[in-house]
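Dear colleague,

Please find the structure below, handed over for your records. My notes on what was found in it follow directly after.

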Amino acid sequence: MIDTVVIATDGSACVQRAVRVALDLADRFDATVHALSVVEESEISSAPEDVRDQLRTALEAHCEEAVEGLAADAERPVVTAVREGRPSVEIGAYAREVDADVVATGTRGRHGENRLLVESVAEQVVRTCPVPVLTVRRLDEGETNEVTG
């Protein structure tokens, strides 16, 4: 039984299909939906000190837009949250806090050399999250695989 679904989103096009799939899953089980976005602390700490506050504010606003946009598009109530830290750590901690049954996230679909150079947030979540993780890849242009009832 699935009672609680956490959707990890950054508002990018890469996660839109994952959002649709996760909302469909939540509808099928009448589950509570949580939308979570994480301000990545390394982006802030690597910026010049005199712009860190402005950058933090801009990143927080972007994350707020991502979760609020997801909530507005959903046909059911969505609990929204924005955290700051390492995304994989914060996603796992949030899943524990809300007693999630599944975490859904999109993947960027890196292959080959790019995949070896940069481990994605989705890969880190899969490796460390205390609950099952549903990863949904973004379809290439022209590919279709819509969620059906």
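A74 counts as buried, because its relative accessibility is 13% (buried means under 20% relative accessible area, exposed over 50% and partly exposed in between, with a 1.4 Å probe and protein chains only). This residue sits in the loop between α3 and β3; helices (H or I, at least four residues) and strands (E, at least two) are DSSP runs, numbered from the N terminus. Along the sequence A74 and R20 are 54 residues apart, while their C-alpha atoms lie 8.8 Å apart in space.

The model is a predicted one, in which local features need pLDDT of at least 70 and side-chain atom pairs count only at pLDDT 80 or more, whereas totals for chains, interfaces and linings use all residues. Residues are numbered from 1 along each chain as its sequence is written, and side-chain values use heavy atoms, with hydrogens and water left out.

Overall architecture

The secondary structure comprises six helices and five strands. Read from the N terminus, the order of elements is β-α-β-α-α-β-α-β-α-α-β. Of the 149 residues in the protein, 42% are buried. Contact here means heavy atoms within 4.5 Å. Among contacts between residues at least 6 apart in sequence, 77% join residues at least 24 apart. The protein exposes about 8700 Å², of which carbon and sulfur atoms supply 47%; accessible areas come from the Shrake-Rupley method with a 1.4 Å probe, and for residues only the protein chains shown count as cover.

V5 is found in strand β1. It is classed as buried because its relative accessible area is 0%. Leaving aside neighbours within four places in sequence, V5 is in contact with A22, A26, A31, T32, V33, H34 and V102. For V5 and V33, 28 residues apart along the chain, the C-alpha separation is 5.0 Å.

Helix α1 covers residues 16–29, which is 14 residues, and reaches 20 Å from its first C-alpha to its last. That span is close to the 20 Å expected at 1.5 Å a residue, where the expected span is 1.5 Å times one less than the number of residues. The buried residues of α1 are R17, A18, V19, V21, A22, L23, L25 and A26. They pack against β1 (4–8), β2 (32–40), α3, β4 (102–107) and β5 (133–137).

Which residue takes a positive phi just after α1? It is D30, with a phi of about 50°, and D30 is a residue other than glycine. D30 lies in the loop between α1 and β2, and it is exposed because its relative accessible area is 61%. At 60% relative accessibility, D99 counts as exposed. For context, most residues other than glycine have a negative phi.

Helix α4 and its crossing with α6

Helix α4 is mostly covered, with eight of its 11 residues buried. These are P87, S88, E90, I91, G92, A93, Y94 and A95. The buried residues of α4 pack against β1, β2, β3 (78–85), β4 and α6.

The axes of α4 (residues 87–97) and α6 (residues 121–128) come within 9 Å and cross at roughly 45°; axes are lines fitted to C-alpha atoms, for helices over the stretch in contact, and angles run from 0 to 180 degrees between N-to-C directions. The angle therefore makes α4 oblique to α6 (under 35 degrees counts as roughly parallel, over 145 as roughly antiparallel, 65 to 115 as roughly perpendicular and the rest as oblique). The crossing of α4 and α6 is right-handed, a term used if the near helix is turned clockwise from the far one by less than a right angle, with anticlockwise giving left-handed. On the α4 side the contact is made by P87, S88 and I91, and on the α6 side by V121, Q124, V125 and T128.

A residue of helix α3

R56 is placed in helix α3, residues 52–73. Its relative accessible area is 27%, so R56 is partly exposed. Not counting residues up to four places away in sequence, R56 touches I44 and E84. R56 and I44 are 12 residues apart in sequence and 6.3 Å apart in space, C-alpha to C-alpha.

Yours sincerely
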